[in-house]
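Hi,

Here is the structure I promised to pass on. Have a look at it first, and then read my notes below.

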Amino acid sequence: MYLRANRKRAAELSLSEALEADEDGGGLTLQDLLSEESDLDERLSLKERAASLYCAVETVLDSREQQVVRLRYGLHGKIPLTQREAAEKLGISRSYVSRIEKKALQKLREALDHQSE
């Protein structure tokens, strides 16, 4: 009886059982995989919104606004800079960076709001 009961349970898999172990002793579990798949819609939506944002940056903003937004928000995998750092890099004042950024963000909001209608 004991052997039959264990044989039936052998096909069972716990959600928290490690499927793959890493160097630290932690591992990938079935629960991790399932939760990633449940986030798929959210991740796809985020990718679509990011693509829309990048497109708007390229099409709606002038070149100076694009530079400021890219520097301030670290687009294209760059490290975000402060207004002061962006100003130094562009050779303009921090307050001018602030004005350009404010205008650029307003343009992007309007463009993205218009797309979602």
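**How H4 and H5 meet**

Helices H4 and H5 cross in a right-handed way. Keep in mind that this is a predicted model. The residues that make the contact are Arg64, Gln67, Val68, Leu71 and Arg72 on the H4 side, with Gln83, Ala86, Lys89 and Leu90 on the H5 side. Sorted by class, that contact has 4 nonpolar, 2 polar and 3 charged residues.

What about the geometry? The two helices, H4 and H5, pack at an angle of about 135°, and their axes are 9 Å apart. Because of that angle, H4 counts as oblique to H5.

**The cores**

Which residues form the largest nonpolar core? There are 8 of them: Val68, Leu71, Ala86, Ala87, Leu90, Ile92, Val97 and Ile100. H5 gives the most, with 3 residues.

If you skip its neighbours within four places in sequence, Leu90 is in contact with Arg64, Gln67, Val68 and Leu71.

As background, nonpolar side chains tend to be buried together in soluble globular proteins.

Key: Residues numbered from 1 in each chain as written. Predicted model: local features only at pLDDT ≥ 70, side-chain atom pairs only at ≥ 80, totals over all residues. Heavy atoms only, no water. Core = buried A, V, L, I, M, F, W, Y, C linked by side-chain atoms within 4.5 Å. Buried < 20%, exposed > 50% of the residue type's maximum accessible area, 1.4 Å probe, protein only. Helix = DSSP H or I, 4+ residues; strand = E, 2+ residues; numbered from the N terminus. Contact = heavy atoms within 4.5 Å. Axes fitted to C-alpha atoms, helices over the stretch in contact; angles between N-to-C directions. Parallel < 35°, antiparallel > 145°, perpendicular 65-115°, else oblique. Left-handed = near helix turned anticlockwise from the far one by under 90°. Nonpolar A, V, L, I, M, F, W, Y, C, P; charged D, E, K, R; others polar.
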